[in-house]
Amino acid sequence: MRITGAWLTSVDTQRVLNMLTDAGHLAYVVGGCVRNALLGVAVADVDIATDALPDVVTKLAKTAGLKAIPTGIAHGTVTVICGDTPFEITSFRKDIATDGRRAVVAFSRDIAQDARRRDFTINALYASAEGVLTDPLGNLADIAGPKIRFIENPTERIREDYLRILRFFRFYAYYGDANTGPDPEGLAACAEGADGLEGLSKERIGAEMRKLLAAPNPAPSLSAMSASGVLARVLPGADAQYIAPLIHLETSGDFAPSWQRRLAALGAKNLAIALRLSGVEAKYLQKLGNAQSTDAPVAQSAYLFGPAATTDAMLIRSATLSTPLPRDFAQNIARGNKAVFPVSAADLLERFGEGPKLGRELARLKDLWLESDFALGRQTLLRR
């Protein structure tokens with residue numbers, strides 16, 4: 001069986017693969033690029049597995065005039081830059097010790113050993129420069145589902161790295177069959193190993209949750225996470241019941257998916273801490289929360305909190321209450337976004353001087369302006 005694609009036949013990919021094979025080494029594209037090619041999904045990154053050791057990869061790259069960066073040298077990974085494309089080249093490996101967060105590896109010459117240390121069966125597929133597929137563990141059939149299954153023993157794979165619990169749900173969200181549900185054995189192992197999530201950094205958890213929530217339809221996966229107890233581990237207080245109606249509103253209204261909107265719809269507390277969000281991300285979620293709690297009409301909310309936060313708040317509210325969006329929703333969002341308060345501090349400075357009185361008067365006039373639905377002009381406001 002063969003795969004193909006512009007990413008594989010490109011001059012850069014072929015040059016890097018041939019750099020290794022011409023020197024007598026095995027070299028395969030592996031993992032996500034092979035999986036996506038088989039599933040008909042766009043390929044973003046090209047990873048390469050080889051029996052050449054990292055120092056050999058580095059020497060071969062330099063001899064070929066390519067830049068080699070030891071991005072993960074302790075785990076056998078060298079990033080080789082060819083043209084403008086980075087290729088992560090990793091030597092065949094086997095785990096010799098794990099603690100649930102990181103592994104100590106030894107290099108191997110056996111492709112099957114390398115395949116066994118990967119997470120899911122659909123990620124343990126390899127292809128040569130010619131596109132000839134290699135399936136060391138005999139799991140190619142899982143692509144047909146596709147089925148998201150841990151390689152061999154799920155409990156052992158999870159104990160090697162507890163982040164694989166979240167990756168299981170993320171991969172199910174992107175590639176799994178919502179009609180058949182997640183793999184029962186894998187789901188049970190995730191539920192059993194959920195305590196291990198406590199040892200992971202918030203940054204790693206946050207990165208996985210962002211990716212999961214950005215999936216086209218994460219609702220079935222989040223429901224499975226909730227049922228297994230995993231969701232409560234990473235986001236205490238989260239409730240996945242409104243995600244499916246939110247996805248329906250997004251799809252029917254042609255709204256772009258937003259992981260932040262979906263995160264807010266889960267209703268968990270202390271999100272910035274739980275997922276170690278950036279300052280910008282936390283600030284937006286705060287703004288979204290304010291838009292959700294306001295009683296202001298849509299246009300005024302768009303003025304106060306911005307069009308994005310108001311749109312997200314309205315979608316969440318509609319999903320929660322099972323009500324459609326107002327017909328004039330988009331027009332009011334646009335109207336509020338364009339509105340400009342017609343009074344400035346300079347207009348009041350002579351009467352109130354600098355200080356708290358000026359600030360209070362500006363706030364009072366703005367309230368009047370908002371109550372008028374932006375109708376009151378500058379002169380009218382200054383006479384109030």
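Reply: The model is predicted. Helix 7 covers residues 163-175, and helix 10, covering residues 219-228, packs on it with the two axes 8 Å apart and at an angle of about 150 degrees. Angles over 145 degrees count as roughly antiparallel, and helix 7 and helix 10 are therefore roughly antiparallel to each other. On the helix 7 side the contact is made by Leu166, Phe169, Arg170, Tyr172 and Ala173, and on the helix 10 side by Pro220, Ser221, Ala224, Met225 and Ser228. Sorted by class, this contact has seven nonpolar residues, two polar residues and one charged residue.

Helix 7 also takes part in aromatic pairing. Across the whole structure, a search finds 13 aromatic pairs. In one of them, the ring centres of phenylalanine 120 and phenylalanine 168 are 6.4 Å apart and the ring planes are at 50 degrees, so the pair is tilted. Phenylalanine 168 belongs to helix 7, while phenylalanine 120 sits in the loop between helix 5 (111-116) and strand 8 (126-127), so the pair ties together parts that are 48 residues apart in sequence. Phenylalanine 120 and phenylalanine 168 are both buried.

These two residues are also members of one aromatic cluster, formed by Phe120, Phe150, Phe168, Phe169, Phe171, Tyr174 and Tyr175.

Key:
Residues numbered from 1 in each chain as written. Predicted model: local features only at pLDDT ≥ 70, side-chain atom pairs only at ≥ 80, totals over all residues. Heavy atoms only, no water. Axes fitted to C-alpha atoms, helices over the stretch in contact; angles between N-to-C directions. Helix = DSSP H or I, 4+ residues; strand = E, 2+ residues; numbered from the N terminus. Parallel < 35°, antiparallel > 145°, perpendicular 65-115°, else oblique. Contact = heavy atoms within 4.5 Å. Nonpolar A, V, L, I, M, F, W, Y, C, P; charged D, E, K, R; others polar. Phe/Tyr/Trp six-rings, centres within 6.5 Å; stacked < 30°, edge-to-face > 60°. Buried < 20%, exposed > 50% of the residue type's maximum accessible area, 1.4 Å probe, protein only.
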